[in-house]
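Work through the exercises below with the sequence and the model at hand. Each task is followed by its solution.

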Amino acid sequence: MTLVDLTPRSVRTARLTTLPVMVIGAGPIGLAAAANLLERGIDFTVLEAGEQAGSSIRLWGHTRLFSPWRHLVDPVSRRLLEASGWMTPDDEGRAPTGEQLVDDYLTPLAELDEIRAHVRYGTRVVAVSRDGMDRTRTAGRETTPFLVRVQTSDGRFEELTARAVIDASGTYATPNPLSSSGLDPIGVSDVADVVVHALPNVLGADRERFAQKHTTVVGAGHSAANTLIALAELARAEPGTRVTWLIRNPSAIRVSSSADDELADRARLGSRVDQLVDSGAIAKIDSFEIARISRHGAGLRLVGTHHGEPSAHDSDLVVNATGFRPDLSMLREIRLSLDETVEAPTRLAPLIDPNVHSCGTVSPHGFAELQHPEPGFFIVGMKSYGRAPTFLLATGYEQVRSIVAWLDGDMHSASEVQLRLPATGVCSTTLDGGSCCG
Ligand SMILES: Cc1cc2nc3c(=O)[nH]c(=O)nc-3n(C[C@H](O)[C@H](O)[C@H](O)COP(=O)(O)OP(=O)(O)OC[C@H]3O[C@@H](n4cnc5c(N)ncnc54)[C@H](O)[C@@H]3O)c2cc1C
């Protein structure tokens with residue numbers, strides 16, 4: 001016998017809207033979503049895996065961003081913060097480091113009484129579904145609450161219900177594999193101790209690990225550039241330290257600077273790497289496709305092709321700066337519509353295609369481009385760009401403003417997307433290795 005809910009649709013919808021909106025992640029975009037929800041009086045809960053706001057950014061906190069403060073603060077959050085006496089940190093100065101972004105902006109925002117009461121830290125979302133409905137069931141789906149399964153830091157599982165879900169969980173925890181095939185190279189688990197996540201703190205906490213070692217940085221983006229510059233500085237102070245930069249394309253246009261780059265810090269990053277390569281401080285290997293990894297002495301060997309010929313490259317350590325990809329495993333029961341190439345929402349993908357667009361040429365977009373066949377479910381922020389490396393915070397702030405207006409039934413505001421991004425000539429290039437904007 002099939003049980004059918006005979007409650008009228010309007011009553012089921014009304015019940016649904018008594019539930020909170022779940023926001024996954026207390027990074028800059030998750031917290032901006034919270035600020036918008038707060039301003040519109042919509043109940044919400046932010047679920048954050050880490051123990052504090054901006055937990056992913058803390059992991060690369062020693063790294064300087066390239067945008068100045070004026071591009072980094074969400075307008076709605078700014079209003080809430082200023083009402084509590086907060087002032088934008090030095091708007092005319094240099095871009096902040098990740099740590100400064102967290103300490104001077106995200107933490108005060110998350111600590112506002114009206115937001116703090118709605119954030120659960122140490123709470124990792126492990127799955128999202130509809131209450132009692134796997135993805136194959138259609139009848140009554142849009143009036144059925146979302147079910148969000150979480151695991152708390154003490155290992156317990158809980159299930160929460162929600163009227164809508166905004167997934168702002170970023171991509172930092174899921175780097176692209178080193179292999180050109182996009183698969184984890186066979187053997188990678190045997191060398192896990194010498195393969196390092198992007199953006200290690202080479203001149204700080206991780207200094208001893210890299211001093212007097214030969215490190216190969218794999219990837220063509222700004223994360224790679226940051227690490228290469230730090231390693232070259234370490235090599236000057238610690239004789240015996242060697243640096244190799246390995247990329248799979250013939251050139252790494254993404255880290256090269258351009259005269260029309262409005263984000264001057266990023267342009268400087270690219271030209272600094274060019275100089276270090278020219279001076280011989282960094283050895284560069286281009287057109288190297290990694291197929292396998294194996295242990296070699298205390299270090300490792302990258303095996304693949306160099307300019308199409310079989311080749312191997314040895315070093316003590318490898319830094320994987322090949323970029324990031326979204327973790328879609330927790331969304332298995334959600335009806336998603338994703339572009340088959342970049343894994344961004346289908347209607348957003350052509351607007352952000354890194355083969356065509358740089359960080360600064362992305363068209364304004366909001367709830368309409370971010371919708372999925374699952375009403376009330378949205379992927380926003382860095383994760384909404386899938387594998388495209390061109391995300392900027394200003395874009396994400398506009399995404400969540402539009403989505404929250406839509407949740408509030410304010411179609412006029414939801415549809416009126418506005419965005420002014422800094423012009424940049426740096427990153428209109430391919431998906432290959434590393435975040436252009438990061
Ligand atoms: C080095 C670097 C420099 C950058 N510089 C700039 C810049 O200058 N300007 C700019 O506009 N952009 C910049 N970016 C790009 C982008 O703005 C940042 O990556 C930004 O942190 C993205 O924000 P987010 O909120 O989407 O994701 P994140 O900051 O990654 O936040 C996601 C949050 O979700 C949490 N989380 C993850 N999984 C789960 C889960 N399953 N359950 C619960 N919580 C979870 C994480 O702990 C984290 O706190 C930079 C990126 C990098 C890496």
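**Exercise 1.** Are F44, T45, V46 and L47 of strand 2 buried or exposed?

**Solution.** The model is predicted, so local features need pLDDT of at least 70 and side-chain atom pairs pLDDT 80 or more, while totals for chains, interfaces and linings use all residues. Numbering starts from 1 along each chain as its sequence is written, and side-chain values use heavy atoms, without hydrogens and water.

Step 1. In a regular strand the side chains alternate between the two faces of the sheet.

Step 2. In strand 2 (residues 44-47), F44 and V46 lie on one side, T45 and L47 on the other.

Step 3. All four are buried, which means under 20% relative accessible area (1.4 Å probe, protein chains only).

**Exercise 2.** Which strands does strand 2 pair with?

**Solution.** Strands are DSSP runs of E with at least two residues, helices runs of H or I with at least four; pairing takes at least two bridges.

Step 1. Strand 1 (residues 21-24) runs parallel to strand 2 and is joined to it by four bridges; V23 has V46 as its bridge partner.

Step 2. Strand 3 (residues 119-120) is also parallel to strand 2, with two bridges, and R120 stands opposite L47.

**Exercise 3.** Which backbone atoms lie 3.1 Å, 2.9 Å and 2.7 Å from ligand atoms?

**Solution.** A polar contact here is a pair of N or O atoms within 3.5 Å.

Step 1. Ligand oxygen atoms are 3.1 Å from a polar backbone atom of I29 and 2.7 Å from one of L393.

Step 2. A ligand nitrogen atom is 2.9 Å from a polar backbone atom of V125.

Note on methods. Buried < 20%, exposed > 50% of the residue type's maximum accessible area, 1.4 Å probe, protein only. Polar contact = N/O pair within 3.5 Å; in protein donor to acceptor, adjacent residues only side chain to side chain.
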